[in-house]
Amino acid sequence: MDDQTRTELEAATFRRLVQHLREHEEVQNIDLMILAAFCRNCLSKWYRAAAEDKGIEMDYETAREIIYGMPYAEFKARQPETTPEKQAAFAAVQAREAEAEQAAQAQQ
């Protein structure tokens with residue numbers, strides 16, 4: 001596969017992922033973080049970083065609106081409060097991620 005085709009397939013896959021997340025607002029960011037250690041906000045940060053790598057200035061809120069398909073405040077207002085159980089599970093994920101990062105740094 002040539003580089004152009006690979007890039008086109010990756011872009012199409014990314015667009016489908018973003019569309020899928022937009023269609024499934026019932027999946028909260030905390031659910032994504034618990035299960036996959038990334039969320040819509042992570043995608044927004046990565047999108048912004050990719051734009052900046054190409055010399056395109058973009059603030060975080062603009063990147064969020066691209067990923068969420070609406071202003072973040074509007075999305076947030078439509079979301080229910082997270083449960084204490086989800087918050088505890090997220091804290092456990094954060095602890096595991098921190099441990100993994102420390103282990104990776106120790107190996108360097």
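Start by selecting Phe14: in this predicted model, Phe14 is partly exposed, at a relative accessible area of 31%.

Now show both rings. A search of the whole structure finds four aromatic pairs. For Phe14 and Tyr47, the ring centres are 6.2 Å apart and the planes meet at 20°, under the 30 degrees cut-off, so the pair is stacked. Colour by helix and you will see the pair link distant parts of the chain: Phe14 belongs to helix H1 and Tyr47 to helix H3, 33 residues apart.

Next, pick Phe38 and Trp46. Their ring centres lie 6.0 Å apart with planes at 25°, so this pair is stacked. Phe38 is partly exposed, its relative accessible area being 21%.

Move on to Ile67 and display its surroundings. Beyond its neighbours within four places in sequence, Ile67 is in contact with Phe14, Val18, Arg22, Arg40, Leu43, Ser44 and Tyr47. Ile67 also belongs to the largest nonpolar core, so select its eight residues together: Val18, Leu21, Leu32, Met33, Cys39, Cys42, Leu43 and Ile67. Helices H1 (3–23), H2 (29–36) and H3 (40–53) each supply at least two residues of this core. In soluble globular proteins, nonpolar side chains tend to be buried together.

For the last stop, select Tyr68, Tyr72 and Phe75, which form one aromatic cluster.

Note on methods:
Residues are numbered from 1 along each chain as its sequence is written. This is a predicted model: local features need pLDDT of at least 70, side-chain atom pairs count only at pLDDT 80 or more; totals for chains, interfaces and linings use all residues. Side-chain values use heavy atoms; hydrogens and water are left out. A nonpolar core is a set of buried Ala, Val, Leu, Ile, Met, Phe, Trp, Tyr and Cys residues joined through side-chain atoms within 4.5 Å. Buried means under 20% relative accessible area, exposed over 50%, partly exposed in between (1.4 Å probe, protein chains only). Helices (H or I, at least four residues) and strands (E, at least two) are DSSP runs, numbered from the N terminus. Contact means heavy atoms within 4.5 Å. Rings of Phe, Tyr and Trp (its six-membered ring) pair if their centres lie within 6.5 Å; planes under 30 degrees apart count as stacked, over 60 as edge-to-face and the rest as tilted.
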